[in-house]
Amino acid sequence: MIEPEEDAEGYQSAEVCVRNELGLHARPAARLAQEAQRFAAEITLTMDEQEVDAKSILDILTLAAPQGCDLVVRASGDDAAEALKTLIELFQTRFGEDK
């Protein structure tokens with residue numbers, strides 16, 4: 001299990017790898033946004049220099065994250081730790097996809 005770390009700004013973050021064969025395409029992006037919306041925390045995804053709102057499927061899709069790329073998930077707020085745990089698990093289980 002990936003353990004989130006807290007930075008100087010009070011954000012908790014973790015690095016995750018996109019394991020899905022087709023990358024972070026529409027289905028997993030929708031699932032990620034849907035799960036992120038369940039939390040009050042502010043949640044972002046960062047790939048290279050691009051940071052997007054993890055609660056927006058359109059923002060997530062703009063990353064065009066391919067299989068094998070690393071993303072940083074950052075969260076702040078009362079339920080940030082729980083949000084990160086949930087989202088990390090989605091990446092680790094390939095969003096429920098076989099490939």
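In this predicted model, Thr44 counts as buried because its relative accessibility is 9%, which is under the 20% that marks the limit for buried residues. Thr44 is found in strand β3, and, leaving aside its neighbours within four places in sequence, Thr44 is in contact with Glu51, Val52, Ala54, Val72, Val73 and Arg74.

Leu45 has contacts of its own: not counting residues up to four places away in sequence, Leu45 touches Leu32, Gln50, Glu51, Val52, Ala54, Ile60, Leu63, Val72, Val73 and Phe91.

Helix α3 covers residues 80-92, and at 1.5 Å a residue its 13 residues should span 18 Å, which agrees with the 18 Å between its end C-alpha atoms. Which residues of α3 are buried? They are Ala80, Ala83, Leu84, Thr86, Leu87, Ile88, Leu90 and Phe91. As a general point, an α-helix has 3.6 residues a turn, so residues three or four places apart point the same way. What covers the buried residues of α3 includes β2 (12-17), α1 (26-37), β3 (42-47) and β5 (70-76). Just after α3, Arg94 takes a positive phi of about 55°.

Glu35 lies in helix α1, and, not counting residues up to four places away in sequence, Glu35 touches Thr86, Leu87 and Leu90. The C-alpha atoms of Glu35 and Ala54 are separated by 9.2 Å, although these residues are 19 residues apart along the chain. Is Glu35 buried or exposed? Glu35 counts as buried, because its relative accessibility is 14%.

On the surface, Ile57, Leu58 and Leu61 form a nonpolar patch with about 250 Å² of accessible area together. Leu61 is found in helix α2 (residues 57-62), and its relative accessibility of 33% is why Leu61 counts as partly exposed.

The table below sets out the accessibility values given above.

| Residue | Relative accessibility | Class |
|---|---|---|
| Thr44 | 9% | buried |
| Glu35 | 14% | buried |
| Leu61 | 33% | partly exposed |

Definitions and conventions:
Residues are numbered from 1 along each chain as its sequence is written. This is a predicted model: local features need pLDDT of at least 70, side-chain atom pairs count only at pLDDT 80 or more; totals for chains, interfaces and linings use all residues. Side-chain values use heavy atoms; hydrogens and water are left out. Helices (H or I, at least four residues) and strands (E, at least two) are DSSP runs, numbered from the N terminus. The expected span of a helix is 1.5 Å times one less than its number of residues. Buried means under 20% relative accessible area, exposed over 50%, partly exposed in between (1.4 Å probe, protein chains only). Contact means heavy atoms within 4.5 Å. Patches are made of residues with over 30% relative accessible area and no salt bridge: like charges are joined within 9 Å, nonpolar side chains (Val, Leu, Ile, Met, Phe, Trp, Tyr) within 5 Å. Accessible areas come from the Shrake-Rupley method with a 1.4 Å probe; for residues, only the protein chains shown count as cover. A salt bridge is a side-chain nitrogen of Lys or Arg within 4 Å of a carboxyl oxygen of Asp or Glu.
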